[in-house]
Protein chains: 2
Amino acid sequence: MNREFEDRCEVHYIHEDNVREVQTAMLEQETILSLAELFKTMGDATRLKLIFALMKKELCVCDLAAVIGVSESAVSHQLRVLRNQKLVKFRRQGKVMYYTLADEHVRMLFDQGLEHVCE
Amino acid sequence: MNREFEDRCEVHYIHEDNVREVQTAMLEQETILSLAELFKTMGDATRLKLIFALMKKELCVCDLAAVIGVSESAVSHQLRVLRNQKLVKFRRQGKVMYYTLADEHVRMLFDQGLEHVCE
DNA sequence: GTTATATATGAACAGTTGTTCATAAATAAT
DNA sequence: ATTATTTATGAACAACTGTTCATATATAAC
């Protein structure tokens with residue numbers, strides 16, 4: 001009769017109470033997806049180097065490319081990703097774009113991650 | 001004569017002092033890679049749901065599959081990824097494997113990320 | 001206007017990732 | 001030992017990601 005239920009009944013919940021409790025608390029799919037995007041954005045060596053560099057100083061695309069040793073095009077592409085996730089902000093001065101960290105959350109995430117890794 | 005220098009000279013450092021300063025402070029490649037792996041691991045909706053679930057309760061593979069609505073095989077694969085990054089730990093009780101968060105770092109990273117996303 | 005410079009973007013390609021399905025391993029019960 | 005159950009693993013495949021290269025845009029200097 002009810003397909004959803006038929007499917008459900010084949011699942012064997014070992015601790016049904018726990019399952020329901022956690023399911024109820026579970027975050028919205030949308031929230032989870034945003035969070036995944038955030039961590040995914042930080043899950044790349046090039047972007048982490050960019051973030052680290054911007055934790056130290058405001059820098060232009062040119063400088064960033066020199067610091068981490070990749071092409072300016074690659075840097076520009078990755079800066080866009082960081083911008084989309086609001087991890088960095090920028091200002092234009094003439095032809096030059098200066099980037100900085102968007103806020104202290106980014107720094108805290110970075111440092112917190114570093115602590116986990118360095119244990 | 002010196003190829004490395006030839007290449008170097010084509011790079012146009014706009015703020016050479018800043019570049020050198022940040023370059024000096026830059027983390028080891030190995031450290032950056034470990035950090036990238038950590039964030040990459042957290043950069044997936046399924047794994048974030050697993051982490052969230054384990055933030056609430058100790059759960060077995062079976063329960064986790066039911067909570068987040070994916071196959072037990074998929075859960076098992078992802079739990080291995082989380083285990084490799086030391087984000088979860090587990091104990092065996094008979095046939096059943098019970099998973100929990102490895103430590104409070106994970107929770108703090110998750111919450112810190114959530115704060116950034118929810119702004 | 002033209003030219004030069006700094007940055008951004010689009011397409012393409014190799015490399016990586018997450019799921020599914022089939023199968024294996026580990027334990028428990030008979 | 002055989003069978004059932006829970007979890008883990010390997011192979012395979014589609015989907016996604018990051019770089020490169022070529023090109024476009026934006027500003028400045030002339």
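**Around DNA strand D**

A: First, this is a predicted model. One spot to look at is S71(A): an N or O atom in its side chain is 3.5 Å from a phosphate oxygen of DNA strand D.

Q: OK, and what does H77(A) sit 3.3 Å from?
A: A base oxygen of DNA strand D, with a polar side-chain atom of H77(A) at that distance.

Q: What about V61(B), which part of it lies 3.4 Å from a phosphate oxygen, backbone or side chain?
A: Backbone: the atom is an N or O, and the phosphate oxygen belongs to DNA strand D.

Q: Which elements give two or more residues to the surface near the strand?
A: In chain A they are α4 (45-56) and α6 (72-84), and in chain B α5 (61-68), α6 (72-84) and β3 (96-101). The largest share is from α6(B), with six residues.

Q: How many residues surround DNA strand D?
A: 26, and the closest are T46(A), R47(A), Q78(A), H77(B) and Y99(B).

Q: Switching topic: where is K86(A) found?
A: In the loop between α6 and β2 (88-93) of chain A.

Q: Is K86(A) buried or exposed?
A: Exposed, because its relative accessibility is 59% and the cut-off for exposed is over 50%.

Q: And K86(B)?
A: K86(B) is in the loop between α6 and β2 (88-93) of chain B, with phi near 55°. K86(B) is exposed, at a relative accessible area of 59%.

Methods. Residues numbered from 1 in each chain as written. Chains lettered and ligands numbered in written order. Predicted model: local features only at pLDDT ≥ 70, side-chain atom pairs only at ≥ 80, totals over all residues. Heavy atoms only, no water. Near = heavy atom within 4 Å. Polar contact = N/O pair within 3.5 Å; in protein donor to acceptor, adjacent residues only side chain to side chain. Helix = DSSP H or I, 4+ residues; strand = E, 2+ residues; numbered from the N terminus. Buried < 20%, exposed > 50% of the residue type's maximum accessible area, 1.4 Å probe, protein only.
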